[in-house]
Amino acid sequence: MTTAAAAPFGSPAAGAPAGAAGGAPAVAASARQVTKAYGTGETRVTALDAVDVDIARGRFTAIMGPSGSGKSTLMHCLAGLDSVTSGRILIGDTEITGLKDRQLTRLRRDKIGFIFQAFNLLPTLNALENITLPMDIAGRRPDRAWLDQVVETVGLADRLRHRPAQLSGGQQQRVAVARALASRPEIIFGDEPTGNLDSRAGAEVLTFLRRSVDELGQTIVMVTHDPVAAGYADRVLFLADGRIVDEMADPTADAVLERMLRFSGADAPAAGARPAPAPDALRKGADDRTAG
Amino acid sequence: MMLRTSLRNLLAHKGRVALSLVAVVLSVSFVSGTLVFADTATATFDRLFASTAADVSVSPKGAGSDDDRQYGGARAATLPDSVVRRVAAQPGVRSAAGDVSVQDATVVDPATGKAIGPTGGAPTIAGNWYETPNPALRITSGRVPHGPGEAVLDADTAGKAGLGTGDALRVVTPFGDHRLTISGVATFTTTNPGAALVFFDTPTAQRYLLGRTGVFTSVAAYGDGSRSDDRVKAEVTAELGPSYTVRTAAESAAQAKVGVGGFLDFMKYAMLGFAGISLLVGAFLIVNTFSMLVAQRTREIGLLRAVGGSRAQVNRSVLAEALLLGLLGSTLGLAAGLGLAVGLVRLIGSLGMHLDASELSVRGYVPAVAYAIGVVVTVLAAWLPARRASRISPMAALRDHGTPAEPSAHRVRAAVGLVLTAAGAAALAGAAASHGGAAGGSLLGLGVVLTLVGFVVAGPLLAAGVVRVLGAALPALFGPAGTLAQRNALRNPRRTGATAAALMIGLALVTGASVVTSSMVSSASSQIDRSVGADYVVRSASGALPPQVVRAVTGTSGLDHVSRQKQVPATVTTPDGRSTETGVNAVSPTYARDLRVPAASGDFGAALTRGISVDQGFADAHRLKVGDPLKVAFRGGATETLPVAAVTADDSELYKGQLFVGLAVAERALPADRLPLDVMLLAAAAPGADTGKVYADLQKSLADYPQVQVKDQADYKALIRKQVDQLLSMVYGLLGLAIVVAVLGVVNTLALSVVERTREIGLLRALGLSRRQLRRMVRLESVVIAVFGAVLGTGLGLAWGTAAQRVLESQGLDLLTVPVGTIAAVFAGAALVGLLAALGPAFRASRMNVLAAIATD
């Protein structure tokens, strides 16, 4: 990667939340003693068990864990998509537990961006319309310059009039990333955003996410079971049985894989089987740019 | 095994299938209800006629034939009482009674001054009370009538009018006004479908109804059982000679049935026609439902094929579902049909035809028809989707989830649709250009069918075009919900097309009918303006005006003149040797001033003083010109040879096809007791008279005759409009059924779309689309589909109505009037229908759990 390629994002301070500019990172979202249980009595299943977590602003956080560990539930609760049984969730300074549907909808619309594993786009809208959809819903005009910049960065300038059906899986996810970035939300949640992509396309998408954190100070939380994907994050939280059991700062794919294998032998092999690209090299490139 | 799979599939999608089921049920119930109702009515009349018919009856030749009945004012033909004695003396006859029965009397309740008795088509029958071996009526209160001051009334009529024994009654006949007291009330032994009956003793009936004693209208003879009715008939015929008609009981009943049969058949076929339309609309709904069920199960079917299921098996499983649906729908429809028949019995009861719901006649063929229709239509409608299902490749199982987008409108299909539409349009244009030629009607029918089929086939193509235009304003007006709704309505043109087509059919018929009827009203009004010179028109609900009414009118002050009009059945023999049975109008000479009949040659006024006038059509058919002699044999009177004095135009229903002679001709040719009563009076106010005051005076003069109505031109036009509106509201009511089925189709399409788009809805909600915006999105899509249907429907309807008006132009429909109000109402109604149809699906969409929706497979 060259410095020129990074130019569209502009200087890191531009449009980035204040907390990202330096100093102690502020908290973008937090969970306090969050418990989520399904069913009652004997059939009661606890998906989250008194979880405490702070998501640092301007950082890239990955949530990992085996199937059924509660990682997706934690993300859904943080994003205001799911309700909690007890405890509190805050987005920025706003407590969202107890908010009505209308307020939650507004919160999602104005402050949160989403990237899902699949089916991220409306088939009836073209790429550009999908990107601006959250702003259209809110009745806000997109910031033209910023939009161009985002589109340019994700490399979709010549695909904007295409319908999702005319785009490859990787292109579709890039549109989803562009959509999440375009409205400059306080926090972006990704639910296995590369789960459906081959490693090359996955690496592309993860690189964009990484750069948006590094260069724009964007806050991203990503749920994944792929150590390689987690290797792009600044911090990895490990969940098991509804609890945060460990965390790792500045992870690498190998370190994450090794840590995962320690928790449970069952879930990791799938991830290990992937041909690992060189996340470290990418990281390094990104760091260089930030430095330069 | 397969049956079980099909059953499970149906149960799994019960909500979605339910609406199709409703369509089947509605259609089947309408068909079976109509059949049961018609059978019940027929059976009621059969029983009535069987109970009232004497073993052998004798009437004067020509009396009571259908030919005579279509002309108002015909007088009852009579036979002398000697005939009764001669019949009674025949071997095998136990008793014979002279019968008096006429239909030109009006019964009035003196307390209210209003006519009592049927308001609909059923007659008021006045006659003599006599004892028979099997009476159709029995006195249930009071006693038989005796003397000139007593009458017996039938129980239904008495009950409706709130009259009973001892109450006063006034009976208006051509021979005078008579004040009587009800001596008794008689009840039918079978169900009386609605005629009002009033009886006097025989001498009174003869004097009041026939004008003199010693004559009857027929003889009722009862056998002693020693020989068959047919043999008695043969012997009576031999005894009486050819001037009398002798009928057995069976023949009398059959003869009587002909009269009501026509009306009942008309009702039956009209209703079956509407049932057919709703069935057609229902078929669209079924096609759509099964298409969507198949589309939703694409992966499942692909999997079935991947593990070795054959095409035929897939096909059969879909058809088996349709078969089950058809059976269930037919069963429910049959049950609902019985309920509908009871409802129809009640409805017709309120219109004056009394049937007994407890005598419902359900014949064996009705369930057979119900199941045949329900099952056949459902299976046929499911055929296309089933074929499509069997073509799903095993690869479909492996494809990414989400409903595959259906291919956009097929080129071949579009071409076929356009060709059909073009052919239909050409046929309509041909019909319009035929100017009422013989081919006009069939070309019109062909054009209607072709354009309808063409629009249905080209529906998806039209959807892509029209919806794009209709939806163009949505994004600007309604923001993102508008954009999404517009795209959604466009994303599956085949489905949008089929859903809208169902609505289109009903709306096209409504629009077409309203164009024709409003043209009828405006044409009639302009013809009245153009042709009617009279200020006032006097007519009677019973069709005939008794002499005292004519006297009351002519005696009213302020009138310049009163023109009388009679209709005399006659046989007209033209110089080409052909004879035509027709009614000849006999009118006062002043009639030419009251009805301005334009003459192509000769002079209409002259025809009324000497000779006869024929209309252009009749003249063309017989190559007549002014001066040619016509032989006119007046029924029951002399034959006159009259020269053609005028050939009149046939550009107005008021005189098209009519022959006119002077009143004096008829009076000369017919004996006084055979001269028909007047059917209409036209009157003009004296010059300088206050027309409003004269109108009021006329109404005052006629106050005693509630069956007679006087109208000035404005009220006459209003009356025509009212009659047409009544007809139209009946048509609207029946088409309402088709529209209800079509609305179910819109609901179904939306409900299925919402289910199909669950993930999209989840995504939209996650991205911050509010429930309100989501509901608006569904509603707007619904409105777009409904308005699209309205655009197609009104377009077709306008084309049909215009072509029909052109075809009927020469038959008096000379003005084309487009009912702008009705069309606006159709659009507003369609938008409303769209809103209503979206209520359920929109609510459902807005209540979806966001997470669950996103996670849906």
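Helices (H or I, at least four residues) and strands (E, at least two) are DSSP runs, numbered from the N terminus. The model is predicted: local features need pLDDT of at least 70, side-chain atom pairs count only at pLDDT 80 or more, and totals for chains, interfaces and linings use all residues. Residues are numbered from 1 along each chain as its sequence is written, while chains are lettered from A and ligands numbered from 1 in the order in which they are written.

Chain A contains eleven helices and ten strands. A residue is taken as buried if 20 or more other C-beta atoms lie within 10 Å of its own, as exposed if 12 or fewer do, and as partly exposed in between, with C-beta atoms placed from the backbone. By this criterion 48% of the 292 residues of chain A are buried. Two residues are in contact if their C-beta atoms, placed from the backbone, lie within 7 Å. Among contacts in chain A with a separation of 6 or more, 72% join residues 24 or more positions apart.

Strands are said to pair if DSSP finds at least two bridges between them. In chain A, four strands make an open sheet in the order S2-S1-S4-S5, with antiparallel pairing. Strand S2 (45-56) and strand S5 (94-95) of chain A are at the edges, each with a single partner strand, so one side of each has no neighbour in the sheet. Strand S1 (residues 27-38) of chain A runs antiparallel to strand S4 (residues 86-91) of chain A, and five bridges join them. A:Thr35 is opposite A:Ser86 in S4(A).

Helix H4 (127-138) of chain A has eleven of its twelve residues buried, so it is largely enclosed by the rest of the structure. Its buried residues include A:Leu128, A:Ile131, A:Leu133, A:Met135 and A:Ile137, but also A:Glu129 and A:Asp136. The buried residues of H4(A) pack against helix H3 (101-111) and helix H6 (169-182) of chain A, and against H15 and H25 of chain B. A:Gly139, which follows H4(A), has a positive phi near 75 degrees.

At the interface, 21 residues of chain B are in contact with 23 residues of chain A. On the side of chain B that touches chain A, the elements giving two or more residues are helix H15 (474-491), helix H24 (758-766), helix H25 (771-807) and helix H27 (850-855) of chain B. H15(B) supplies the largest share of that side, six residues. By class, the residues on this side of chain B are ten nonpolar, six polar and five charged, where Ala, Val, Leu, Ile, Met, Phe, Trp, Tyr, Cys and Pro count as nonpolar, Asp, Glu, Lys and Arg as charged, and the others, Gly among them, as polar.

H15(B) is kinked by about 115 degrees, centred on B:Pro480; the bend at a residue is the angle between axes fitted to the seven residues ending there and the seven starting there. Between its end C-alpha atoms H15(B) spans only 15 Å, whereas a straight helix of 18 residues would span 26 Å at 1.5 Å a residue, the expected span being 1.5 Å times one less than the number of residues. B:Pro480 is itself buried, and the other buried residues of H15(B) include B:Leu474, B:Leu484, B:Arg487 and B:Asn488. The cover over the buried residues of H15(B) includes H4 of chain A together with helix H14 (459-471), helix H16 (493-531), helix H23 (713-756) and H25 of chain B.

Two groups of paired strands in chain B were examined. Strand S10 (residues 168-173) of chain B has five of its six residues buried, so it is largely enclosed by the rest of the structure. S10(B) pairs in the antiparallel sense with strand S5 (residues 106-109) of chain B over three bridges, and B:Thr106 has B:Val172 as its bridge partner in S10(B). S10(B) also pairs in the antiparallel sense with strand S11 (residues 176-188) of chain B, over six bridges, and these two strands form a hairpin with two residues between them.

Strand S17 (residues 559-573) and strand S18 (residues 579-587) of chain B are antiparallel over nine bridges. Five residues lie between the strands of this hairpin, in which B:Gly577 takes a positive phi near 90 degrees. S18(B) pairs in the parallel sense with strand S23 (residues 659-662) of chain B over four bridges, and B:Ala586 is opposite B:Val661 in S23(B).
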